[in-house]
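Good morning, colleagues. Please have the sequence and the coordinates open before you.

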Amino acid sequence: MPYHEFEVSKVIPERKLHAVVKGPGEDLTSCLPKGYLNTIPGSISERGCAYCGAKHVIGTPMKDVIHLSHGPVGCTYDTWQTKRYISDNNNFQLKYTFASDVKEKHIVFGAEKLLRQNILEAFDAFPEIKRMTIYQTCATALIGDDMAAIAEEVMAERPDVDIFVCNSPGFGGPSQSGGHHKINIAWLNQKVGTLEPEITSDYVINYVGEYNIQGDQEVMLDYFKRMGIQVLSTFTGNGTYDSLRGMHRAHLNVLECARSAEYICDELRARYGIPRLDIDGFGHKALGDSLRKIGLFFGIEDRAEAIIAEETARWKPELDWYKERLQGKRVCLWPGGSKLWHWAHAIQEEMGVKVVSVYTKFGHQGDMEKGVSRCGEGALAIDDPNELEGQEALRTLKPDVIFTGKRPGEVAKKMRVPYLNAHAYHNGPYKGFEGWVRFARDIYNAVYSPMHRLSAIDISKDDYETGKGFVTRRMLSDADLSEDAKASPITGYTGKFDPIPDLRKKTDYPVFARRVAAAE
Amino acid sequence: MAKKEKKDIARANYPKLYTSDPLADLDADTREKVSELENYIMKNCLWQFNSRGWDRRKQNAGILGMTAQLLIGEDVEISTAIDKCYWVDAVLLARNFTARCAWLGGMGAEELRTIMTKLHARIDWLTIDGSLNEELTVQNY
């Protein structure tokens with residue numbers, strides 16, 4: 001087994017089992033780190049907790065809901081507005097956050113009355129919002145507050161409101177992934193099947209594991225609408241509470257982030273016979289094949305092909321312009337979970353970069369199986385890294401750019417490695433044919449930023465050129481290119497600063513005659 | 001409310017089919033051909049990585065079985081929505097195999113069946129029987 005031991009972690013010998021280097025001839029039967037285990041004491045993990053995984057990752061992107069944490073205000077603050085899961089209702093779920101503000105006296109005397117008061121006050125403060133989710137935290141779980149009973153009382157008192165209770169305190173798993181699991185199953189058990197949706201198409205899907213980061217969901221929804229597919233619900237980005245109660249009526253679950261949402265797909269398959277189709281919304285080939293698969297499933301592949309042809313013709317030349325300029329650039333792909341496998345192969349094939357390392361903060365061994373498979377030889381795969389290991393890896397691997405979250409990202413910047421936000425994006429959306437070019441544009445801007453190069457010079461120590469002044473990204477990226485490449489009329493991404501407002505205004509979708517006229 | 005069915009606990013105790021790499025003694029030419037197909041799957045597909053071993057067994061058998069039938073030109077029977085999902089992935093796989101591996105076009109039905117059987121064995125080995133993933137036998141999803 002090609003385990004990798006970090007110098008900085010020699011004092012934590014258990015850590016050796018959590019990193020591997022993919023050598024020649026290695027495959028998954030010989031090269032896979034441990035994963036989804038409790039963080040080893042002494043290792044300063046970058047993980048979130050199970051409460052964070054339930055609320056911050058999956059619950060909060062629901063847009064028409066009061067999201068209330070039952071616990072100290074700090075828990076709420078740390079799960080508020082740190083991810084850009086926007087919505088088309090003026091971002092209610094991003095603008096407002098709610099907490100019962102539990103203090104020491106409530107730990108002694110109980111916080112159920114406080115919770116009840118907070119629920120009523122929140123509904124009164126936002127009378128147009130009739131749906132709520134409540135999240136357990138460590139403190140209120142330990143004192144045994146019965147949130148479900150309080151929610152039942154309020155729903156009996158106010159029949160027009162509906163409340164979902166999520167019992168996933170921070171200690172409920174090794175990482176945020178424990179919370180993903182809990183909220184998936186809790187939503188299915190409590191809410192799916194409690195509302196009958198209106199069916200308007202012969203082709204009905206749930207779009208699952210999609211969180212509308214900077215508009216990703218809205219980009220994909222555009223493709224589905226152009227194909228005449230009804231998206232019954234999105235779990236959960238830009239999704240509504242009530243649409244997610246009707247998930248049981250879909251014909252197909254289209255699953256994007258298997259790490260956070262495969263559980264609900266698998267249970268919908270077991271309980272309702274709805275099949276699960278895993279897709280990749282990132283990368284032109286993967287996205288094209290994903291649309292084809294959905295089209296094939298419903299017998300409307302021609303509609304998918306028309307979209308692929310149109311979008312590829314528009315965006316592929318610009319993607320290729322970046323690919324020529326990003327050849328061989330070394331990338332550390334260090335996201336939270338699913339993007340390590342969504343992106344690992346696609347960025348190498350379609351942008352020309354080389355992935356020298358993948359890591360996951362909270363992923364399982366299943367995520368690493370996908371990630372290690374999709375990397376090339378020599379890649380360093382790390383599970384649940386600590387900050388010192390990250391620094392050591394950056395010093396030894398010398399990447400040109402790192403894709404990660406903002407906490408390790410800021411550390412990388414201080415080490416003079418350009419960083420792109422893999423969780424919330426820099427200038428997304430990154431999904432879709434256009435989005436993939438936006439991602440390439442952001443990578444290009446990071447790698448060739450003249451400002452970043454200047455920041456790497458220590459003028460008190462290093463020799464530096466005093467006679468060289470103004471440079472641009474283009475001067476840096478095109479220096480070694482052929483004359484033909486330099487003369488290309490393409491100059492990179494030509495889309496809008498933000499493509500989402502136009503999508504929200506769009507109404508000219510094709511109308512397809514239904515085979516089944518009667519509603520199901 | 002959602003239907004709750006009794007959990008099939010026995011499914012987590014699925015039998016092992018292979019105790020070593022089933023292709024270890026294969027001739028170099030066939031090995032290379034299987035590797036080419038395997039590499040495409042491992043780099044581009046997700047269906048072989050469902051989270052539990054029993055589920056992977058079904059996925060691999062369903063999709064690779066139908067892919068073999070499509071490559072050979074046989075009719076594929078689709079009786080459930082889940083079969084249809086297998087078929088969808090099989091169609092894409094067969095198309096991509098054919099586009100990338102010209103040598104498949106020169107093979108007869110028996111040769112195709114043989115190489116797809118070996119590929120199936122290899123994928124089962126990588127993702128199930130030889131896998132180091134310790135969560136494959138967890139009873140819950």
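I begin in the loop between helix 2 (73-77) and helix 3 (92-95) of chain A, where A:Asn91 is found. What we have here is a predicted model. Phi of A:Asn91 is near 60 degrees, a positive value in a residue other than glycine.

A:Gln214 sits in the loop between strand 6 (204-210) and helix 9 (216-226) of chain A. At 14% relative accessibility, A:Gln214 counts as buried because the cut-off for that class is under 20%.

Next, the backbone at two cis peptide bonds. The bond from A:Phe235 to A:Thr236 is cis, with omega near 0 degrees, and A:Thr236 belongs to strand 7 of chain A. The bond from A:Gly428 to A:Pro429 is also cis, with omega near 5 degrees. A:Pro429 is placed in the loop between strand 14 (419-421) and helix 18 (432-447) of chain A.

I turn now to the interior. A:Thr133, in strand 4 of chain A, has 0% relative accessibility and therefore counts as buried. Beyond its sequence neighbours up to four places away, A:Thr133 touches several residues, among them A:Met62, A:Ile66, A:Phe164 and A:Tyr241.

Helix 8 of chain A, residues 176-190, has 15 residues and reaches 21 Å from its first C-alpha to its last, close to the 21 Å expected. Its buried residues include A:His180, A:Ile183, A:Trp187 and A:Leu188. Which elements do the buried residues of helix 8 pack against? They pack against helix 1 (50-59), strand 4 (131-136), strand 5 (162-166), strand 7 (230-236), helix 10 (241-245) and helix 11 (258-272) of chain A.

Finally, the interface. Between chain A and chain B, 50 residues of chain A are in contact with 41 residues of chain B. The buried area is about 3900 Å², of which carbon and sulfur atoms give 54%. There are 6 salt bridges between the two chains; in one salt bridge, the side chains of B:Arg95 and A:Glu301 meet at 2.6 Å, N to O. The chains also have 19 residue pairs in polar contact. On the side of chain A that touches chain B, helix 11 gives the most, with 8 residues. By class, that side has 18 nonpolar, 13 polar and 19 charged residues.

How values were computed. Residues are numbered from 1 along each chain as its sequence is written. Chains are lettered from A and ligands numbered from 1 in the order in which they are written. This is a predicted model: local features need pLDDT of at least 70, side-chain atom pairs count only at pLDDT 80 or more; totals for chains, interfaces and linings use all residues. Side-chain values use heavy atoms; hydrogens and water are left out. Helices (H or I, at least four residues) and strands (E, at least two) are DSSP runs, numbered from the N terminus. The expected span of a helix is 1.5 Å times one less than its number of residues. Buried means under 20% relative accessible area, exposed over 50%, partly exposed in between (1.4 Å probe, protein chains only). Contact means heavy atoms within 4.5 Å. Buried area is the accessible area (1.4 Å probe) that two parts lose on being put together, summed over both. A salt bridge is a side-chain nitrogen of Lys or Arg within 4 Å of a carboxyl oxygen of Asp or Glu. A polar contact is a pair of N or O atoms within 3.5 Å; within protein, one must be able to donate a hydrogen and the other to accept it, and residues adjacent in sequence count only if both atoms are side-chain atoms. Ala, Val, Leu, Ile, Met, Phe, Trp, Tyr, Cys and Pro count as nonpolar, Asp, Glu, Lys and Arg as charged, and the others, Gly among them, as polar.
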